[in-house]
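Good morning, colleagues. Please look at the sequence and the structure on the screen while I describe a few features.

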Amino acid sequence: MNKPLILVVEDDPSVRNLIVTTLKANEYNFVTAESGEEGASQAATHNPDIILLDLGLPDIDGVEVIKQVRGWAITPIIVISARSDDSDKIDALDAGADDYLTKPFSVEELLARIRATQRRLAYMNSASSSSVFENGGLKIDYAAGCVYLDGEELHLTSIEYKLLCLLAQNVGKVLTHKFITANVWGSSWDNDIASLRVFMATLRKKLESADSERQYIQTHIGVGYRMVRL
Amino acid sequence: MENVSDKNRELPTSGEHVLACLSSAPSNARIIRTAAQMAKAYGARFTALFVETADFEKASPENKSRLQANMGLASELGAEIETVFGDDIAYQIARFSEAAGITKLVIGRSTFTKQRLPGKYDLVENLLAYAPEVEIHIIPDRSADNRYSPKRTRGGWLEILKNLGISVLILGVATAICYLFQWLGLADANMIMVYILGVLVTSVATSSIAFSMISSLAGVLLFNFLFTAPELSFASSGTEYPMTFLMMFTTALISGLLAQRYKRQASGAHKIAHRLRLLFDTNKLLFAQTDRDRIISLTAEQLIKLFKANVLIFDEEMNDFYFPSNSSSPATYDVQTEKKRATAAMNSASKRGHDQIGGKFFYLPLRANDKLYGAVGMDSEGLSAFDHDTFSSVVLECALALDNEHIRRDKEQATIMASNEQLRANILRSISHDLRTPLTSISGNAANLLENGEKFDPETRKQLLSDILSDSDWLITLTENLLASTRMEDGAFGLRLSDELIDDIVDAAVGYCKKRAKGRVISLSSSGELMFVSVDAKLIVQVLVNLIDNAIKYTPEGSHIDVKIEDAGDNVRVSVIDDGNGISNEDKPHVFDKFFSGSREISDSRRSLGLGLYLCKAIIEAHGGEIRLKDNVPHGCIFEFELKKKEITINE
């Protein structure tokens with residue numbers, strides 16, 4: 001299989017080294033950049049498949065880099081943040097990042113995120129125009145407006161269905177509370193976010209009743225939700 | 001009169017004390033301004049005094065509101081306002097000056113001189129006689145009579161008729177008694193006494209000088225007409241009678257006037273005693289309170305009780321009004337306008353503010369020790385000068401109580417900060433000790449592998465590497481706890497609350513811990529009921545991670561750790577239950593102490609900072625919850641905490 005090209009934008013040499021060593025050991029191709037400006041220009045020259053982007057860069061803010069790259073490409077971006085505050089992750093996700101990692105992270109975690117993004121890329125390439133979404137035992141027939149789990153039809157309320165479709169269309173991507181409420185309710189008040197939690201909890205329960213080990217929807221406390229590509 | 005506000009005012013530098021005499025005259029403003037300039041020039045204390053005479057209650061509303069405006073002006077210029085009672089204005093001013101240590105007195109010249117009676121000294125002459133040591137500054141005043149004219153207000157004629165009725169009735173009774181005396185053959189002197197008594201009773205009943213004079217005269221004439229020979233004629237035969245009549249008239253008049261004065265003073269004294277009692281009650285009530293909101297609501301209650309008027313209290317800290325619920329009448333005012341008025345009153349450079357913005361409430365700032373706490377507004381229509389004085393005293397009491405509360409809170413804050421400082425110092429000391437061990441192991445093992453990597457057999461190499469890993473894991477946990485504890489330094493203020501599903505939080509913590517379970521079986525049991533809590537999600541996850549980590553650390557491999565979510569009425573209960581060896585009874589009371597790492601054998605022999613459980617307790621308590629340690633049956637322990645449920649309305 002053709003291993004994807006990964007752009008690593010990280011100013012700290014030892015963390016960059018750790019990432020590069022991990023990528024090398026797993027036979028990924030990579031290019032590196034030490035600053036935001038360099039990262040943006042590397043992204044333009046090499047057109048990488050995935051970008052790993054540190055948010056705390058010496059020259060420009062990571063969110064700025066995301067905005068620049070999003071100007072011309074939909075390349076998946078995984079941000080890496082050392083700040084314990086959620087707000088910078090949410091800003092990055094809202095600016096167009098796909099996923100995030102918090103320092104300190106383990107090597108396995110890093111590789112798992114990269115693999116998940118690869119699966120998402122593969123899915124997007126093969127099924128972008130399909131009217132049916134399939135993920136593990138989950139099947140959404142957009143045309144008929146029906147959802148099946150392991151072959152059995154699921155009965156969802158209209159809001160649950162809207163939520164599920166939104167997550168499915170962005171499978172593998174962390175969606176922020178603000179993004180989801182703005183798309184489902186058209187607003188994002190605090191009360192909507194509380195409502196979102198309730199609908200998400202009932203939706204998850206319906207999806208996981210058959211098999212409790214299989215998790216389609218991940219909760220990212222303080223950030224949002226993601227549908228996992230199984 | 002005792003000056004309640006004295007304890008709060010800064011002391012003057014010069015020892016001079018300027019007194020301006022207030023009146024309801026429009027020209028009084030000039031006197032107030034002159035006095036204020038003088039006070040400023042001398043660096044003196046400045047007081048404005050109003051002597052409320054018995055007649056003032058009958059003064060016209062224009063007069064009353066003019067007096068209010070003058071009082072407002074005086075307070076704006078930095079004066080303390082005082083009111084005393086008495087009909088002899090000069091005497092009252094002199095007595096007050098003596099008591100308050102007044103050195104300079106400012107007064108208008110034409111005040112009270114127009115209706116001067118022959119032989120009666122004017123105010124200034126009287127003052128010179130009563131208080132010779134005070135410097136008196138006289139402001140010439142050519143404007144119209146600035147004494148409030150005792151015009152009859154509406155209902156005045158009715159009162160005259162009523163008084164007339166009383167006078168006629170009393171004289172009639174006196175005459176009847178005199179006829180009785182005549183029939184009994186008693187001497188004239190007794191009849192004279194009866195008439196004098198009648199005049200005395202009339203004076204007290206009517207409270208009017210005019211009626212005292214009229215009934216004195218009427219008494220003399222009646223006596224002359226009915227009882228002196230020749231009877232039923234004003235002519236008198238006896239030579240001594242004119243003298244008798246004169247003496248009778250004079251005695252009746254003087255005793256009548258004296259009785260009236262006594263009555264007025266008694267009523268003034270009664271008012272003052274009443275106010276002192278009220279102020280004392282208010283003081284007692286307010287100073288027993290330690291709660292800010294309670295002080296404000298009590299003040300409002302007290303003011304409403306006293307004045308039966310609408311009251312608004314502007315709370316500077318909340319930047320909003322406190323609206324008392326039990327106002328006497330439905331309030332009609334514009335909140336925004338009143339807010340502007342209240343703010344203007346507070347921002348006025350003076351002790352009291354009197355602003356020009358529309359709106360109907362009269363505001364006094366809540367100021368004590370040069371700190372502003374807000375403003376109290378009252379619907380001041382129809383309040384007398386005395387009422388205003390009482391009002392300002394209550395406001396001052398409230399300000400002082402708020403100031404006390406503020407000082408107390410500051411002290412508490414300082415104590416908390418000191419203990420936080422202590423905690424930080426302890427943490428730093430403890431960390432510097434405890435960081436050494438894992439860092440030694442990490443750097444030593446890494447150096448070893450770098451230098452001699454090839455010489456070790458794979459088993460040894462793996463051992464060294466897993467040591468590095470577990471030491472850095474320990475450092476990661478420590479860092480998370482340190483970060484959490486820096487957030488906790490601000491107490492509840494540092495919390496970033498959001499409404500979260502408790503299941504999501506527990507799920508996140510269990511998911512995280514499962515990866516590092518080291519052979520323990522971690523399970524999650526939940527009723528599945530959707531329960532919200534208003535929490536700082538990160539910190540509660542941290543609590544659970546610490547509790548589960550703790551269970552992992554202190555139980556043998558293969559133990560079960562169950563995390564359970566339960567509905568506990570108004571609360572949500574989360575328990576971390578293990579079936580390990582439990583905690584000894586002597587350690588139990590200390591598990592939540594700072595830097596307590598117990599005498600228990602730690603399964604992987606890794607030392608503990610003793611910060612984890614202390615932090616759990618601090619976090620849960622900052623959320624207003626409770627954390628407990630219980631025994632599990634047959635063995636093991638249960639750490640459980642409860643958080644208040646939050647009701648959420650769902651948008652469909």
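**Strand β2 of chain B**

Strand β2 (residues 45-52) of chain B has eight of its eight residues buried, so it is largely enclosed by the rest of the structure. Strands here are DSSP E runs of at least two residues, and helices are H or I runs of at least four, numbered from the N terminus; buried means 20 or more other C-beta atoms within 10 Å of a residue's own, with C-beta atoms placed from the backbone. This is a predicted model, in which local features need pLDDT of at least 70, side-chain atom pairs count only at pLDDT 80 or more, and totals for chains, interfaces and linings use all residues. Residues are numbered from 1 along each chain as its sequence is written, while chains are lettered from A and ligands numbered from 1 in the order in which they are written.

In a regular strand the side chains alternate between the two faces of the sheet. In β2(B), B:R45, B:T47, B:L49 and B:V51 are buried on one side, and B:F46, B:A48, B:F50 and B:E52 on the other. Strand β1 (residues 17-21) of chain B runs parallel to β2(B), joined by five bridges. One of the bridge pairs is B:A20 with B:A48.

I turn now to the chain contact. Chain B places 21 residues in contact with 15 residues of chain A, contact meaning C-beta atoms, placed from the backbone, within 7 Å. On chain B, the elements giving two or more residues to this side are α12 (458-488), β10 (498-501), α13 (502-514) and α14 (537-554). The largest share, five residues, comes from α13(B).

Note on methods
Two residues are in contact if their C-beta atoms, placed from the backbone, lie within 7 Å. A residue is buried if 20 or more other C-beta atoms lie within 10 Å of its own, exposed if 12 or fewer, and partly exposed in between; C-beta atoms are placed from the backbone. Two strands pair if DSSP finds at least two bridges between them.
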